[in-house]
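Walk me through this structure, please. I have not seen it before, and I would like to go from the overall fold down to a single residue.

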Amino acid sequence: MNTLLSAALLIAVLLVGMRRLDHAAIALGLQAAALGALTVWLAAAGGTPELYVAGFLTLAVKGVAIPLVLLRVLRRLERKVDPHPILAPELAVALAAALLVLARAVIPVGLFGGRSFADFLSFGSGMVLVGLLMMMTRRQVIAQVQGLVILENGIYLAVLGATQGMPFAVELGVLFDLLVAVLIMGSLTFRIGTTLDSLNSDRLRDLKG
Amino acid sequence: MSLTNYLGTALVVAPVLTGLTAFLPGTTRNQGRVSLAGSALTFVLSTAVALQVFTAGPLAEWGNALRVDALGAYLILLTGLLTTLAAFYTPAYLETEVRHGLVAARSLRRYYLWFHLFVGTMFWALTANNLGMMWAAVEATTLASAFAVGFYGKPHSLEAAWKYMIICSVGLAFALLGTAVTYAAALNAPGVAEGALAWSDLVAVTGRLNPSLMKLAFGLVLVGYGTKAGLAPMHTWLPDAHSQAPSPISATLSGVLLAVAVQAILRFYVLVNGAVGPGFAGKLLVGFGLLSMATAVPFTAVQRDLKRLLAYSSIEHMGIVALGIGLGGPYGLFGALYHLFFHGIGKGLLFFSAGQVTQAYGTRYMSRIRGAQKVAPVAGLGLFLGTLAITGTPPFALFLSEFSVAAAAFSSGRTWIGLLFLAIVAVIFGAFLYHVGHMVFGEPAGRVRLAPPARGSTSASVVIVVSLVALVAGGLFVPATVRNVVAQVGQVLGVG
């Protein structure tokens, strides 16, 4: 279990510094696979049968479908590298790691009662922050979408820790929404790329006041 | 197993089917007809649901997964009314846009698809009993309306759509965390049914929910749904989205979608009040409310774009609603609820009028719009009277609601809050009237496009007049039925 959790966290931290966006899409898939495996492990350790389904759905949607969508958008736009991250990759990675440590220290896990998994909860919250960091320190729009997916993965992990997941119907709804959101953002990205001939979100700062 | 047992379900499904049908290949005129017929059906269903709830109590379907109480029914009524007006307004509006070469005729079916899906997701959000499903529905409203916001496909509309997607998705992620924390509180509470995230179950056991967890949950939820409701400082997507979208979409975003987000906040407001007492959530809402109102002031004063002016007004008004809820008590909640409804109608009226005016002049820049009352008489009048209505002038309905919010502040001894509220409302009144007065009166300036009145501007006129009548009626008299309805909503919120 600790191996899977460490893998998910390590990927989150590395993703923040990854400039090759196609590699990042695959890394996101691996991260989701680790989360899916964690869910199945929890299910086997005495969770509800629905937890198995949630684990496999996470694997299918976040592990396979979403990375494929991201890769397809990148291929159609013929752009694979984020040219100008706001922070140097090394600095971004260090900051992300610091955020995880910070979350571990400050999240009041005790509030959530005995049946929670403190590590999932605190590191999941940390991953939410890492996702936010990535969204704020990248100008390339696809990288921002990837930050959002990290953020969602962090929520998933935290909720898994706090309550062993949301009720099954809700998990389904959340997963469906995320998939549609990535599809729509992919389509918008494509239009932004063709209309503005750039994927730099600095080009999207005209509207003010 | 008759249809009346599935009224709520039909209300959610009807717009979705309408959108899919209108998306089928066909002439644009037929697509417009499908959209209109579907909206009429949706309107009938929304009225039927509201009648049912207000006369016979909450509606429950699918084993209570779909539940409509008085609060839901009240906003369903608003949603049904305003989206039907928007659908009635739309075909002629789009026809003019096509004639001006702003959109291609073949892309109209996509507009109808997204518009009706958007309406369907809002009804879903208003009827979901499970707080997690409500979250999924609110997120779905963002997804369905993103393409509608970016419909024109120009750089600025794409920028607005992108910001809207990103900022609202991140904001709503916090609401999801807040929902999860609520769920954790329910699981940890003694004697609460396993797996309970249904609002109607939770509201019965609020006293047993862990107060610290519920405070954390409400903070997260307020940031999350507050983003969607356009509360400052999370409002930054709103002026872009509301100004770049086609005008009937702007009307729907401003008039209804913000109210749907406020509804989500209200659900958690009731839970946290039950768990920790009334002070906590109220103070937060008063803070966000005043901040939103104050944020709108400078942007209203120096605004140059007509639709952005209206968008900042929406931020101000969601601030007033949050302030009313936060002040609480019968005055505060009556004011907030009444305001929520008539802000929807008033802002719809303004965006419908602004849509006609901007089409006639071919610009949203207020400095280039002069003498609108001569160029587009009904829309010019709508813009002017709508301004009086939205700034809280008697005899319009928003005067009553703003008066009530002020009364809530003064009667509870919070004089400074009341004075600040009145000062902001007065400044915005002045700025608004200055901008709109210049546009409506005077002589039309040189470069007026003066499109020949499209066949449809009749439908726009009808929509404008209907909204005006509703605003005046709501301001002049509040019949016993309306008082009864608002009292029922108040009961859901734990007042009176």
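Predicted model: local features only at pLDDT ≥ 70, side-chain atom pairs only at ≥ 80, totals over all residues.

Residues are numbered from 1 along each chain as its sequence is written, while chains are lettered from A and ligands numbered from 1 in the order in which they are written.

Begin with chain B. Its secondary structure comes to 19 helices and two strands. These are DSSP runs numbered from the N terminus: helices are H or I with at least four residues, strands are E with at least two. The C-alpha atoms of chain B fill a box of roughly 70 × 55 × 45 Å along the principal axes.

Of the 496 residues of chain B, 63% count as buried. Buried means 20 or more other C-beta atoms within 10 Å of a residue's own, with C-beta atoms placed from the backbone.

Now take two helices. The axes of helix 1 (residues 7-23) and helix 2 (residues 28-56) of chain B come within 9 Å and cross at roughly 175°. Helix 1 of chain B is therefore roughly antiparallel to helix 2 of chain B; the term covers angles over 145 degrees. Axes here are lines fitted to C-alpha atoms over the stretch in contact, and angles run from 0 to 180 degrees between N-to-C directions.

Next, a single residue. Thr358(B) sits in helix 13 (residues 329-361) of chain B. Thr358(B) is buried because 21 other C-beta atoms lie within 10 Å. Leaving aside residues up to four places away in sequence, Thr358(B) touches Leu306(B), Thr363(B) and Arg364(B). Contact means that C-beta atoms, placed from the backbone, lie within 7 Å.

Last, the interface. 36 residues of chain B are in contact with 33 residues of chain A. Helix 5 (131-149), helix 6 (155-188) and helix 8 (211-229) of chain B each give two or more residues to this side of chain B. The largest share, 19 residues, comes from helix 6 of chain B.

How values were computed:
Contact = placed C-beta atoms within 7 Å. Buried ≥ 20, exposed ≤ 12 C-beta atoms within 10 Å, placed from the backbone. Parallel < 35°, antiparallel > 145°, perpendicular 65-115°, else oblique.
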